[in-house]
Amino acid sequence: MEMGRERFEELVGEALDEVPAELLSLMNNVVFLVEDASPDGDDLLGLYEGTALTNRGWDYAGVLPDRITIYRLPTLRVCDTEDDVVEEVAITVVHEIAHHFGIDDHRLHELGWA
(Lines give C-alpha, C1' and ligand atoms only; values in the text may rest on other atoms or scores of the structure.)
Protein backbone atom coordinates (compact mmCIF):
# COMPACT_ATOMS: atom_id res chain seq x y z
CA MET A 1 0.00 0.00 0.00
CA GLU A 2 1.30 3.45 -0.89
CA MET A 3 0.19 6.68 0.73
CA GLY A 4 1.85 10.06 1.09
CA ARG A 5 2.77 11.48 4.46
CA GLU A 6 0.18 14.27 4.24
CA ARG A 7 -2.73 11.84 3.72
CA PHE A 8 -1.43 9.55 6.45
CA GLU A 9 -1.24 12.49 8.87
CA GLU A 10 -4.84 13.34 7.97
CA LEU A 11 -5.90 9.80 8.89
CA VAL A 12 -4.11 10.06 12.22
CA GLY A 13 -5.94 13.34 12.85
CA GLU A 14 -9.25 11.72 11.93
CA ALA A 15 -8.52 8.84 14.32
CA LEU A 16 -7.85 11.35 17.10
CA ASP A 17 -11.12 13.12 16.26
CA GLU A 18 -12.92 9.83 16.96
CA VAL A 19 -11.51 9.56 20.49
CA PRO A 20 -14.13 10.82 22.95
CA ALA A 21 -13.44 14.40 24.07
CA GLU A 22 -13.85 13.33 27.71
CA LEU A 23 -10.93 10.93 27.30
CA LEU A 24 -8.73 13.39 25.45
CA SER A 25 -9.35 15.99 28.14
CA LEU A 26 -7.85 13.60 30.71
CA MET A 27 -4.62 13.32 28.78
CA ASN A 28 -1.85 15.46 30.15
CA ASN A 29 1.49 16.61 28.73
CA VAL A 30 1.48 14.43 25.62
CA VAL A 31 2.17 15.14 21.95
CA PHE A 32 1.24 13.08 18.87
CA LEU A 33 3.76 12.67 16.07
CA VAL A 34 3.89 10.90 12.72
CA GLU A 35 7.21 9.46 11.55
CA ASP A 36 8.04 7.24 8.60
CA ALA A 37 9.56 4.46 10.72
CA SER A 38 11.11 3.75 14.09
CA PRO A 39 14.77 4.81 14.25
CA ASP A 40 15.48 1.36 15.71
CA GLY A 41 14.37 -0.25 12.46
CA ASP A 42 11.57 -2.09 14.21
CA ASP A 43 8.27 -2.83 12.51
CA LEU A 44 6.42 -0.92 15.21
CA LEU A 45 3.18 0.72 14.12
CA GLY A 46 3.19 3.08 17.08
CA LEU A 47 5.13 3.89 20.21
CA TYR A 48 4.33 5.56 23.53
CA GLU A 49 7.29 7.16 25.27
CA GLY A 50 6.86 8.83 28.62
CA THR A 51 5.48 8.39 32.09
CA ALA A 52 1.99 6.94 32.20
CA LEU A 53 -0.57 8.93 34.17
CA THR A 54 -0.82 6.08 36.67
CA ASN A 55 2.93 6.34 37.42
CA ARG A 56 3.12 10.09 37.91
CA GLY A 57 3.70 11.20 41.45
CA TRP A 58 3.96 14.44 43.32
CA ASP A 59 7.42 15.00 41.82
CA TYR A 60 6.22 14.91 38.19
CA ALA A 61 6.86 18.46 36.98
CA GLY A 62 8.88 20.34 34.44
CA VAL A 63 9.34 17.37 32.12
CA LEU A 64 9.13 17.24 28.35
CA PRO A 65 5.82 15.97 26.96
CA ASP A 66 5.19 12.28 26.53
CA ARG A 67 5.34 11.23 22.88
CA ILE A 68 2.91 9.09 20.95
CA THR A 69 4.39 8.33 17.56
CA ILE A 70 2.49 6.65 14.74
CA TYR A 71 4.75 5.08 12.11
CA ARG A 72 3.64 5.43 8.51
CA LEU A 73 5.71 2.92 6.54
CA PRO A 74 5.23 -0.15 8.80
CA THR A 75 1.50 0.62 8.91
CA LEU A 76 1.31 0.79 5.14
CA ARG A 77 3.21 -2.50 4.84
CA VAL A 78 0.53 -4.39 6.79
CA CYS A 79 -2.39 -2.82 4.90
CA ASP A 80 -3.82 -3.54 1.45
CA THR A 81 -6.32 -0.69 1.08
CA GLU A 82 -6.92 2.80 2.42
CA ASP A 83 -9.79 1.39 4.49
CA ASP A 84 -7.28 -1.00 6.08
CA VAL A 85 -5.03 1.96 6.88
CA VAL A 86 -7.92 3.87 8.46
CA GLU A 87 -8.72 0.88 10.68
CA GLU A 88 -5.09 0.15 11.59
CA VAL A 89 -4.35 3.78 12.41
CA ALA A 90 -7.44 3.97 14.65
CA ILE A 91 -6.39 0.81 16.50
CA THR A 92 -2.82 2.06 16.89
CA VAL A 93 -3.91 5.47 18.16
CA VAL A 94 -6.21 3.91 20.78
CA HIS A 95 -3.48 1.40 21.72
CA GLU A 96 -0.90 4.13 22.35
CA ILE A 97 -3.36 6.35 24.20
CA ALA A 98 -4.11 3.39 26.46
CA HIS A 99 -0.41 3.19 27.34
CA HIS A 100 -0.59 6.87 28.39
CA PHE A 101 -3.31 5.80 30.83
CA GLY A 102 -1.15 2.96 32.15
CA ILE A 103 -2.78 0.03 30.33
CA ASP A 104 -0.18 -2.58 29.36
CA ASP A 105 0.07 -4.70 26.21
CA HIS A 106 -1.28 -7.82 27.92
CA ARG A 107 -4.51 -6.07 28.89
CA LEU A 108 -4.81 -4.44 25.47
CA HIS A 109 -4.58 -7.89 23.86
CA GLU A 110 -7.36 -9.08 26.16
CA LEU A 111 -9.50 -6.12 25.11
CA GLY A 112 -8.81 -6.63 21.39
CA TRP A 113 -6.78 -3.45 20.93
CA ALA A 114 -3.43 -5.00 20.06
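**Chat about a predicted model**

Q: Hi! Which residues does Leu108 touch, leaving out those up to four places away in sequence?
A: Leu108 touches His95, Ala98, His99, Ile103, Trp113 and Ala114. Contact here means heavy atoms within 4.5 Å.

Q: Good. What kind of model is this, and how are residues numbered?
A: This is a predicted model, in which local features need pLDDT of at least 70 and side-chain atom pairs count only at pLDDT 80 or more, while totals for chains, interfaces and linings use all residues. Residues are numbered from 1 along each chain as its sequence is written, and side-chain values use heavy atoms, with hydrogens and water left out.

Q: Back to Leu108, then: where does it lie, and is it buried or exposed?
A: Leu108 lies in helix H5, residues 105-111. Helices (H or I, at least four residues) and strands (E, at least two) are DSSP runs, numbered from the N terminus. At 3% relative accessibility, Leu108 counts as buried. Buried means under 20% relative accessible area, exposed over 50%, and partly exposed in between, with a 1.4 Å probe and protein chains only.

Q: And how far apart in space are Leu108 and Asp80?
A: They are 24 Å apart, C-alpha to C-alpha, and 28 residues apart in sequence.

Q: New topic: helix H1. What span should H1 have at 1.5 Å a residue?
A: The 14 residues of H1 (residues 5-18) should span 20 Å, and its end C-alpha atoms are 20 Å apart, which agrees. The expected span is 1.5 Å times one less than the number of residues.

Q: Which residues of H1 are buried?
A: Those are Phe8, Leu11, Val12, Ala15 and Leu16. They cover an arc of only 140° around the axis, which puts them on the same side of H1. The arc is that of the directions from the helix axis to the C-beta atoms.

Q: What about the face turned away from that buried side of H1?
A: That face carries the exposed residues Glu6 and Asp17.

Q: Nice. What covers the buried residues of H1?
A: The cover includes helices H2 (21-26), H3 (72-77) and H4 (82-100), along with strands E1 (30-35) and E3 (66-71).

Q: How do the axes of H1 and H4 cross?
A: The two axes come within 9 Å and cross at roughly 55°. Axes are lines fitted to C-alpha atoms, for helices over the stretch in contact, and angles run from 0 to 180 degrees between N-to-C directions. H1 and H4 are therefore oblique to each other. Angles under 35 degrees count as roughly parallel, over 145 as roughly antiparallel, 65 to 115 as roughly perpendicular and the rest as oblique.

Q: Which residues make that contact?
A: From H1 there are Arg7, Phe8, Leu11, Val12, Ala15 and Leu16, and from H4 there are Glu82, Val85, Val86, Val89, Ala90, Val93 and Ile97.

Q: Tell me about Val85: buried or exposed?
A: Val85 is in helix H4, and at 0% relative accessibility it counts as buried. Leaving aside neighbours within four places in sequence, Val85 is in contact with Met1, Met3, Phe8, Leu11, Leu76 and Cys79.

Q: Where is Met1?
A: Met1 is in the segment before H1. Met1 is partly exposed, with a relative accessible area of 37%.

Q: Last one: what is the phi of Asn29?
A: Phi of Asn29 is near 60°, a positive value in a residue other than glycine. Asn29 lies in the loop between H2 and E1 and is partly exposed, with a relative accessible area of 27%.
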